[in-house]
Amino acid sequence: MAVLPWPPLAPEGGNRQSPLLLAPVERDPAPHTSHGSNPQLPLVPGGWRDHLEAAGHVCILKDASDLESSSEIAKLIEAESLEAALALHLYRGGRLLQGHGIPFGIIFGGTDLNEDVNHGEKKKVMGKVLEEARFAVAFTESMKEMAQTQWPHARGKIYVQSQGIVTGPNSAFNWNTFLHQSGINQSADNLHIFLLVCGLRQVKDPLYLVDAFSEWHREEPNVYMVIVGPEVDPVFTREVGARVKSAAGVRLIREMPQGDLHAALKNCFAVVNSSVSEGMSAAILEEFGCRSPSPQNAVSSGDGASTEVVTRR
């Protein structure tokens, strides 16, 4: 079996927290000479789960944030007879898997490498995780080099695989209804809707463009920014809500079903990313996928798809 901390299929481009995909092995595991994954398999939750299940594994998806300690992981491993693991996020996911005696791999490349590495204790923990990990996966060569600079002992066990997503816009989604529920009572034909898709936490900085969009809206009333995302930091969420409430032309929408979110991405004028620190925004990749011709697409960060995206500089 395998334990896979992975973001749930939720509004922040599938990147809200660090869930666990648990898979009891029902056949011989991959040879130790393998780095434990199909090199052509896109890094998407459904892709990994389908791949593992097709190989004879049983997969269970859980949110790592619901498992607060290593002892809870130990109980879970025993209860489910787990034998192997794959974790997303060196710190949030990886630290829970240390010391349990099961082989595991790590996928990294976001706040772990860009933010947590600047905190002494977290950096130490992540280094220990990499020591124990059977293999590690980075999304880009530059991320691999950054990790090897921070933890030289990890050289030789880090592999590069492009991040990917799967999109499936809900065909029954009604854009006009979405606008009305967002408090935007204008004809959709004349609107320019900018979507900012993110979990509500400081590093995503959704308030960065609020004043600018409010001013723009006052000059051009058909311009709106809609922030879509789950509550991650409750205190910060209240701050965002209060600020948006008094900001003309800015709306806040909490969690949406993934299919509805993908349909909204397909209908909006542009996607906005205001993150202070970003590895690779899944929301942007989802925008790529939703704008491409096929309604069901797997898109990697190297595909070169064209879309309307505004990112913070």
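1. How many salt bridges does the count come to? The count comes to two salt bridges, a salt bridge being a side-chain nitrogen of Lys or Arg within 4 Å of a carboxyl oxygen of Asp or Glu.

2. This is a predicted model, in which local features need pLDDT of at least 70, side-chain atom pairs count only at pLDDT 80 or more, and totals for chains, interfaces and linings use all residues. Residues are numbered from 1 along each chain as its sequence is written, and side-chain values use heavy atoms, with hydrogens and water left out.

3. Aspartate 211 and arginine 243 form a salt bridge at 3.1 Å, N to O. Aspartate 211 lies in helix α7 (residues 210–219) and arginine 243 in helix α8 (residues 234–245), so the pair ties together parts that are 32 residues apart in sequence; helices here are DSSP runs of H or I with at least four residues, and strands are runs of E with at least two, numbered from the N terminus.

4. Lysine 122 is paired with aspartate 116, their closest N and O atoms being 3.5 Å apart. Aspartate 116, at 9% relative accessibility, counts as buried, whereas lysine 122, at 27%, counts as partly exposed (buried is under 20% relative accessible area, exposed over 50%, partly exposed in between, with a 1.4 Å probe and protein chains only).

5. The chain averages a pLDDT of 75, pLDDT being the predictor's confidence in each residue, from 0 to 100. Among the elements of the chain, α7 has the highest mean pLDDT (95) and strand β13 (residues 297–300) the lowest (38). Where pLDDT is low, the predicted coordinates should not be read in detail.
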